[in-house]
Amino acid sequence: MKMITEVLIIGGGATGVGIARDLSWRGIPSILIEKGDFASGASGRNHGLLHSGGRYAVTDPGAARECMAENRILRKIAPHCIEETDGLFVSLPEDGFDYRERFLRACDEVGIQTALLSRDETLELEPELDPNLLSAVKVPDGSIDPFVLILENARDAEEHGAKILLHTEMTSLILDGDKIKEVGAKDLGGGEEYTIKASYIVNATGAWANQFLKLAGLQIGMALSKGSMLITNQRLTHHVINRCRPPSDGDIVVPNHTVSILGTTSVRLEEVENFEVTPHEVSLLIQETSKLVPAIQEARLIRAYAGIRPLFQSETKEDDRAISRGFVLIDHGERDGIKNLITITGGKLVTYRLMAEKTSDLLCKKMGMHTPCSTHLKALPKANRPTGLTEKLKQFSFERVETLCDCELTSRKEVEEFLKTDKLKDLQDILHRTRLAKGSCQGGFCVYRLLGVLHDLRRINGNSNEFLKKFLEERWKGIRPILWGPAVKEEELMEGIYKGIFNL
Amino acid sequence: MKDGPMKKQSWPKKNVDVCIRCATCMAVCPVSRVTSKFPGPKQAGPGAERFRRMGEPSVDDWIDLCIGCHLCDMVCSSGVNISELNLLAKAKYLDEKGRPFRDWLLTHSYLYGWVGSFLSPFVNFLFRNSMIRWVGEAILKIDRRRKLPDYEPSTFRQWFKKHRSQVHQIKEGDHPPFKKKGKEGFEHHFMERKKVGYFYGCYMNTNEVDVGRATVQVLEVNGFEVILPLQKCCGIPMLGNGNFKGARKMACYNVPSLLKTIVSGSDIIFSSTSCGHMIKHEYSHLLSIPRADEVALHLFDIFEFLRNLKELNGLDTHFKELPLKAAYFAPCHLRALGIGLPALEILRLIPGLTLDNIEADCCGMGGTFGFKKEKYEISEEIGRDLAEVIDRLKPEIILSDCEGCRMQIRHLTGLKVSHPIQILRDALLPETKFTL
C-alpha cells in the first residue's frame, strides 16, 4: 500500500507521539510508525518521575530550567496523568550540608521553588524515612504515568488527523540525491507492506536513533546508558524521595500508583537490545535506597526492569551522568546534507512536549510556515478512569464491578474498552494500557482471566498457549532478578498454575 | 499503663508483603460466601491495603462486614494476619464515620448487665415483647428477628459468693464439700487443693450462670479451688466493632489483675473461647498491652486445662453413663487458639454419650454482628450450612464453647444448646440429673 504524507515520524515513544500531536494541532498531516507498541522504549521504562529539575539544578542548569517549565505545563495539560506528590531531597548524616547549600542556591537560580524542612517536619511528612536524617528540601517533583500520557497524546493526535501505525517496522529507506524519497515499512502483525512518501522524516527512535541513521549511511555520537529500577509491592512513601547529594546510583524512590519505584543505576551499553538487570544492580539499589527508607531492606520486590537512556554526546566522557540530560535536535540537512531528515533524541520524559514543540518548529521553518505551537495550552482529552488510589478503591467498593486484576483492581470493563476500540496485537499492549498485571502477582491470576475475555470477544487468533507463553517469558524476565522470599513462593504457585493447569 | 492514642510503634506489623495472592482465604471466608458485598479476605485485607493511604479518609465501607472469625488467618499459607488488617481498617473507617449508639449499647453490656439481672423478669419480658423489638429495630437498628438473650435473676458472682461461703462452712466442719470417688482419702486431697483463677466473662455472669456453675463444680471435683480475679469485660465486643481505645482500656485493667493471680502461683482458665482468644492473642499482638504475653502463657481454655490434667493422670474420669445423642460445634475462636478440640476429646470419655462433630465453618453470629439490622440476613445465611448439618445429624442437644455460637444455633434450630462443661458436670456429679 502506498501512502503519502507531509511528515513521517519514526518511533512511538513520548517524543514521537508528542510530535504527531503538535503537528496535528498545527494542521500538518503526519504518519507515525512504531515497530512495537507505544512506549516500548525508554518512554515506558523509566521511574515515572515528573522532574522538578532539582536533580539537575547543580550539574545542568539548562536541563533543570526546561524540566521546571515543562513540569508546570504538564500539570495543566495532563492533570490526570500526574500525582502531585512533591519531592524531598533528603540529607543524611554522611551527606553533610555542602551539597544542600549548593542545591538550594542552584534551585533558586533556575527558578525551582524550594522549602527547607527540619528533621521533625520531614519525618512528620514521611515516617518511613531514616530517622537520623538531617533535613530535607521540598521541591515540586511529582509522579507521572507515562503510558497514560503517551496514549492520550496519541488519541488526541489521531483525533486531529494524524495516522498512527503500531507494530509496523521500517524496512527500507530510499535516498534520492539530498532527500529521502520514500520509506518502506511492514506491518508485523498482518504482514502488509507500505511505501510511505513524505516531505519530511523525523527520527524519534530514541536509543535506536543510530540504527535508523545507519540506513541512510549516517551516525551521531550517542551513549547508551542503562538505568535499572526495582518495584516494591507497596507504596512506601507518598513523596518522591531523592538523596540530597550529587547524582549517583540508587538515589531516588518514586511513589507510583500502588507501588514505589527504586532507581536507578547507570551502566554503559554497546547495543540496544538484549539487556537485563544484573544481581549487582539489584543489591546496589537496595543498599543505597534503603539508606533513605530503611523499610526497603525488608520490603518485597515484585519486579526489576531497565530502560536505556539515549544520551547525546559530542565527545566521549567517562561518566554518563556528566552528559547533559537535555535533548538534541539535529537537522541532517545542515549536518549531513540530507535535507528532509531530522533527528530528535536525548531529553527526559518530562520534556517530551518541549522536544516535540522544537521539532515541529523546525519542520515549520523548513516548510516556510508560521503556525505557532499550541500544545502547552490545550489539555489532553481526559481519560475517564479514576486516577488516585483512593478513588480506585472507592469505585471498586461502590460499583463492585467484575475485576480481572485483583491486585490492581482493574475491571473487565476497562480492559474491554481498549479491546473494542484499539488495534492490539499483543498481550503486552493490553498491559501498557491498563494497570493489569502490575501488582503483587505480576499477572499470575489476571492474565488467564484475560484469556477468557479475549476469547469472548473473539480477539485471540491462533494458539492461545503461545500467547500465554510470550507473556510468561516477559514476566519471568522481570521477576528473575528479585527472586527471593515471598517472590519464590509466588513463583512456585504460578508454576503450579501455568504448568499444572494450563499444561504449558 | 497509659491509655493514649495509639502510636505508630505500637501498631501490629502489617505483613501485607508476604501475601502470594493464592486465594485460599477466599475459599473459607463465611461472609464472602453469602454476600457479594464483601470482597473476601484477600481483597479486603492485603489487596485493599495497597490502596489505602494514611491521612486519607476510608472509602472501603464493606470492611465493616468482616465478621472477625479468623478463619482466613488460619488457612493462610504465608501467615498474613488478614483479620487484623481488616480490624485496623474497620477501626479507621468507624472512627471517621462515627459509631451508632446501638454499637455502644451492644459493646458495653458489662456496664448495665447487673441492672438487667436485677430487673430480669421485667427486662426479659420487654425483650420478648414484639412491640419493643419492633421499636428496637426502628430506633436502634437491632434486628427484631434476633431474640435478645434472657437475663438471669442472680448473677454468677452472686452465686459464687454464696457457694464459697458454703464450701468454707463445710471445710470448717471438716466435711467434704463434694464426694471424691478416688482411691485416695479425701482429707489428703483436700490439703493439696490448688487454686485456679477463672475469667468468667460478662455474658455468662448475667445470662448463662449455669456455665460458670458447672465450670466451678468440675474444677472442684478435680481438686481445685476456684478464685475469681478482679476482672472487667475482656473487650472483644469493642474490638470487634473497631473500638481499639475501649478495648485497650479493658485490657489495661485485666492484665495487671490477672498477672497478680498468676504471680501468686495460679493458672487462669476461661469458659468463653472468645474472651480467651481476646486475652491470649489480641491483647499482646493487636493491642500491644505490656506483659500480656505472660498472661497468655498461663491462660487456658477450661477443656484444654482438663486435657492437660488428664495427661498427668489427674483428671477425675469417674463418669456416670449419659445416654444422649449430642453434636459438638467448635467455635471459630477456639479453632484460632490452635489447641485442637479438647472438649471433644474429654467428652468422648463419657460412657453412653454419642458425640458428633459438626463440620461447618462459622455460625455467622460474630458476637454483636448478628444483632445488627444491616447484617442480620448475612448472619443468618452464613449459619444455614451449620443448621443443615445439625438437621442431618438430628442430635438431642448441641454443645458449643462460645455464647455467640450457642445463641445462633438456638436461634436457627430451636434445639437445646449447652456449653460442653455443663454436660461434663452432669456426668461427673452424682447429685445432678441431666434433663433435656
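A: The largest cavity has a volume of about 100 Å³, where a volume is the space filled by probe spheres set on grid points that are joined across faces, edges and corners. The model is predicted, and local features in it need pLDDT of at least 70 and side-chain atom pairs pLDDT 80 or more, whereas totals for chains, interfaces and linings use all residues. Residues are numbered from 1 along each chain as its sequence is written, chains are lettered from A and ligands numbered from 1 in the order in which they are written, and side-chain values use heavy atoms, without hydrogens or water.

Q: What makes a residue part of the lining of the largest cavity, and which residues lie nearest its centre?
A: On a 1 Å grid over the protein atoms alone, a cavity is a set of points where a 1.4 Å probe fits but cannot get out, and a lining residue has an atom within 4 Å of a point. By that test 15 residues line the largest cavity, and Cys19(B), Cys22(B), Cys25(B), Cys76(B) and Ile82(B) lie nearest its centre. Helix H1 (24-28) and helix H3 (41-49) of chain B each give at least two residues to this lining; helices are DSSP runs of H or I with at least four residues, strands are runs of E with at least two, and the numbering starts at the N terminus.

Q: How do the residues of the lining of the largest cavity divide into nonpolar, polar and charged?
A: There are 10 nonpolar, 3 polar and 2 charged residues in that lining, with Ala, Val, Leu, Ile, Met, Phe, Trp, Tyr, Cys and Pro counted as nonpolar, Asp, Glu, Lys and Arg as charged, and the others, Gly among them, as polar.

Q: What is known of the second largest cavity, and how much space lies in it?
A: About 80 Å³ of space lies in the second largest cavity. It is lined by 16 residues, and Cys29(B), Pro41(B), Cys66(B), Cys69(B) and Cys72(B) are the closest to its centre. H1, helix H2 (30-34), helix H4 (71-75) and helix H5 (82-97) of chain B each give two or more residues to this lining, which by class has 12 nonpolar, 4 polar and no charged residues.

Q: How do you know that strand S1 and strand S3 of chain B pair, and how many bridges join them?
A: Two strands pair if DSSP finds at least two bridges between them, and 4 bridges join S1 (residues 194-199) to S3 (residues 267-270) of chain B, which run parallel. Within this pair Phe199(B) stands opposite Phe270(B).

Q: Which strands of chain B form the open sheet, and in what order?
A: The order is S2-S1-S3-S4 in chain B, an open sheet of 4 strands with parallel pairing. Strand S2 (224-227) and strand S4 (299-301) of chain B are the edge strands, each pairing on one side only. From one strand to the next the twist averages 40°, on a scale where angles run from 0 to 180 degrees between N-to-C directions of axes fitted as lines to C-alpha atoms.

Q: Why are S3 and S4 of chain A said to stand at the edges?
A: In chain A, an open sheet of 3 strands has the order S3-S8-S4, with antiparallel pairing. Strand S3 (49-50) and strand S4 (82-83) of chain A each have a single partner strand, so one side of each is left without a neighbour in the sheet. S3(A) and S8(A) are joined by 2 bridges, and Leu50(A) has Gly142(A) in S8(A) as its bridge partner.

Q: Why is Gly142(A) called buried?
A: Gly142(A) has a relative accessible area of 0%, and buried means under 20%, exposed over 50% and partly exposed in between (1.4 Å probe, protein chains only), so Gly142(A) is buried. It lies in strand S8 (residues 142-144) of chain A.

Q: What is the peptide bond from Gly263(A) to Thr264(A) called, and what is its omega?
A: This bond is cis, with omega near -25°, and Thr264(A) is in the loop between strand S16 (259-263) and strand S17 (267-269) of chain A.

Notes: On a 1 Å grid over the protein atoms alone, a cavity is a set of points where a 1.4 Å probe fits but cannot get out, and a pocket is an open set with protein on both sides within 12 Å along at least five of seven lines; lining residues have an atom within 4 Å of a point.
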